[in-house]
Amino acid sequence: PSGCPALCECSEPARTVKCVNRNLTAVPPDLPPYVRSLFITGNPLTDLPAGTFPAQRLSDLASLNLSGNHLRTVEAGSLALPALRQLDLSGNALVSFSPQAFGEGGSPLEELVLRGALRDHGVLLSLAALLQSGALRNLSRLELADNGLLLLPAGMFTALPALRQLDLSNNSLVGLRNVSFQGLGQLQSLNLSDNSLGVLWNSTLAQFRSLPVLRHIVLHHNSWVCDCAIEDLVAWLKESDQVEGKEALTCASPDKMLGKALLKINGSDLNCSVPTDLPSQLQTSYVFLGIVLALIGAIFLLVLYLNRKGIKKWMHNIRDACRDHMEGYHYRYEINADPRLTNLSSNSDV
């Protein structure tokens with residue numbers, strides 16, 4: 001059709017342009033202005049410089065799929081499109097993502113898919129800065145799966161009041177203590193499956209309870225550690241209707257609890273003889289040790305005071321013995337130092 005880039009397929013009635021697996025190294029500059037859905041996938045694209053998608057020419061572009069390319073950098077202003085609602089950057093090895101990629105005035109973006117695109121830690125921090133800036137306040141779906149994430153930056157989701165779906169599955173998350181879900185009043189679905197979570201602490205569970213419409217939490221395939229620290233999680237699972245398939249959640253350790261369903265755990269199954277709050281336990285031990293040492297010191301001083309006369313006499317005796325001993329050494333030294341006294345001593349011995 002007229003106005004369609006040479007290596008792309010266009011459909012004006014569907015307002016769609018597809019440039020799939022065409023070995024493109026740059027976004028075609030002559031995209032038709034009617035395009036509403038644009039697919040540029042499976043190409044060796046490496047950069048998205050500013051002005052890649054002219055806002056005036058592509059004022060109706062609402063869905064942009066750039067997955068499966070070789071994108072490394074997303075520069076400031078490269079995605080500043082006035083009608084953009086959906087963006088898919090999955091399967092790209094991003095190393096730089098400008099917090100101003102969507103322009104200075106914010107974006108109407110509603111869905112952002114970054115599956116397998118955040119392997120670089122610096123990109124994760126840039127994304128966190130972008131989300132915290134409030135530029136994506138209309139975002140309702142955020143997909144961060146398959147990124148090998150260990151921990152999430154604190155406060156990463158605090159400026160997303162419209163977020164409804166959050167996918168963090170198939171990462172390596174070991175904890176959520178520094179993650180705040182406060183402010184996500186519209187959150188309906190949270191996927192935490194296929195991570196390395198060992199326990200969810202009461203502070204996190206309290207946040208889940210406080211979210212009014214959160215009804216779909218997925219926790220499958222995590223490394224649940226069934227010791228005393230998991231009591232709060234088990235109690236929450238038994239009373240909550242937020243977790244999907246909670247009957248299938250099982251212990252991964254210790255060995256004696258391997259495979260046991262979390263919902264079937266009771267107090268007798270857990271060895272709670274050792275308090276889980278170790279810092280508090282150590283603090284109590286140090287205080288007790290200090291008290292014991294103080295008592296020993298006081299008793300020692302009391303014994304010294306009660307036996308002060310005997311100790312004084314004993315010290316005098318030691319002093320006199322040392323003085324007599326030193327006088328003997330001194331006398332023998334004088335004899336050895338004077339030859340006359342030495343001869344006299346020898347004669348007297350004879």
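Predicted model: local features only at pLDDT ≥ 70, side-chain atom pairs only at ≥ 80, totals over all residues.
Glu143 counts as buried, at 6% relative accessibility, whereas Arg115 is partly exposed, with a relative accessible area of 31%.

Arg115 also meets the side chain of Asp146 in a salt bridge, here with 2.6 Å from N to O. Because Asp146 lies in the loop between strand 10 and strand 11 (165–167) and Arg115 in the loop between strand 9 and helix 1, the pair ties together parts that are 31 residues apart in sequence. Asp146 is buried, its relative accessible area being 17%.

Through salt bridges that share partners, Glu111, Arg115, Arg141, Glu143, Asp146 and Asp167 are joined into one network.

## The pair Arg85 and Glu110

The structure holds nine salt bridges, and one of them is formed by Arg85 with Glu110, whose closest N and O atoms are 3.8 Å apart. This pair, too, links distant parts of the chain: Arg85 is in the loop between strand 6 (73–74) and strand 7 (86–88), and Glu110 is in the loop between strand 8 (96–97) and strand 9 (111–113), 25 residues apart. Arg85 is partly exposed, with a relative accessible area of 32%, and Glu110 likewise counts as partly exposed, at 35% relative accessibility.

Methods:
Residues numbered from 1 in each chain as written. Heavy atoms only, no water. Salt bridge = Lys/Arg side-chain N within 4 Å of Asp/Glu carboxyl O. Helix = DSSP H or I, 4+ residues; strand = E, 2+ residues; numbered from the N terminus. Buried < 20%, exposed > 50% of the residue type's maximum accessible area, 1.4 Å probe, protein only.
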